[in-house]
Amino acid sequence: DVKNVKIEGSLKIAVPVLDNNEIDQHFGKAKKFKIYDIFNQVLVDQKEVSCEGNGHETATNLLEEHQVNTLICGGIGQDALATLLEKQVKVYPGMTGDADVTVASYLDGAFGC
């Protein structure tokens, strides 16, 4: 008897956000990140964490501290991108608009993943 088994998994998605929930276009200068906890494609928690905006090292350390494995962002420099990729974080740059809508689109497969 063969049954379809859904692979279970969890994601921690981070998005640098502005006060109006728009995606911040400057990763290294972001003042806060919204972190979404996803389990089996369902949002189970979300929170905002503040960041000093003191460059990409502060931001990448914050993401590591929160065990983020996926980043959706606007602009990101090559050094920050390389650091995150070394830490096995999937990065989706060049995004704009509302963070919640963008994360929902990601979960719906709009990014081709």
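Let's start at Asp100, which is partly exposed, with a relative accessible area of 32%. (Buried means under 20% relative accessible area, exposed means over 50%, and partly exposed is in between, using a 1.4 Å probe and protein chains only.) Before going on, keep in mind that this is a predicted model, where local features need pLDDT of at least 70 and side-chain atom pairs count only at pLDDT 80 or more, while totals for chains, interfaces and linings use all residues. Residues are numbered from 1 along each chain as its sequence is written, and side-chain values use heavy atoms, with hydrogens and water left out.

So who does Asp100 pair with? Its side chain meets that of Lys34 in a salt bridge, 2.9 Å from N to O. Asp100 sits in helix α3 (residues 99–107) and Lys34 in strand β2, so to speak distant parts of the chain, 66 residues apart. A salt bridge here is a side-chain nitrogen of Lys or Arg within 4 Å of a carboxyl oxygen of Asp or Glu. Helices (H or I, at least four residues) and strands (E, at least two) are DSSP runs, numbered from the N terminus.

Stay with Lys34 for a moment. At 9% relative accessibility, Lys34 counts as buried. Its side chain also has a polar contact of 3.1 Å with the side chain of Asn21. (A polar contact is a pair of N or O atoms within 3.5 Å; within protein, one must be able to donate a hydrogen and the other to accept it, and residues adjacent in sequence count only if both atoms are side-chain atoms.) Setting aside neighbours within four places in sequence, the residues in contact with Lys34 include Ile13, Val15, Gln46 and Glu48, where contact means heavy atoms within 4.5 Å.

Strand β2 holds another lysine to look at. Lys32 forms a salt bridge with Asp19, 3.1 Å from N to O. This pair links distant parts of the chain, 13 residues apart, with Asp19 in the loop between β1 (10–16) and β2 (32–39). Asp19 counts as exposed at 74% relative accessibility, whereas Lys32 counts as buried at 15%.

Now move over to helix α1. Glu64 and Lys87 meet through their side chains in a salt bridge of 2.8 Å, N to O. Lys87 lies in the loop between α2 (78–86) and β5 (90–92) and Glu64 in helix α1 (residues 56–65), so the pair ties together parts that are 23 residues apart in sequence. Lys87 is partly exposed at 32%, and Glu64 is partly exposed at 48%. Elsewhere, salt bridges that share partners join Asp19, Lys32 and Glu48 into one network.
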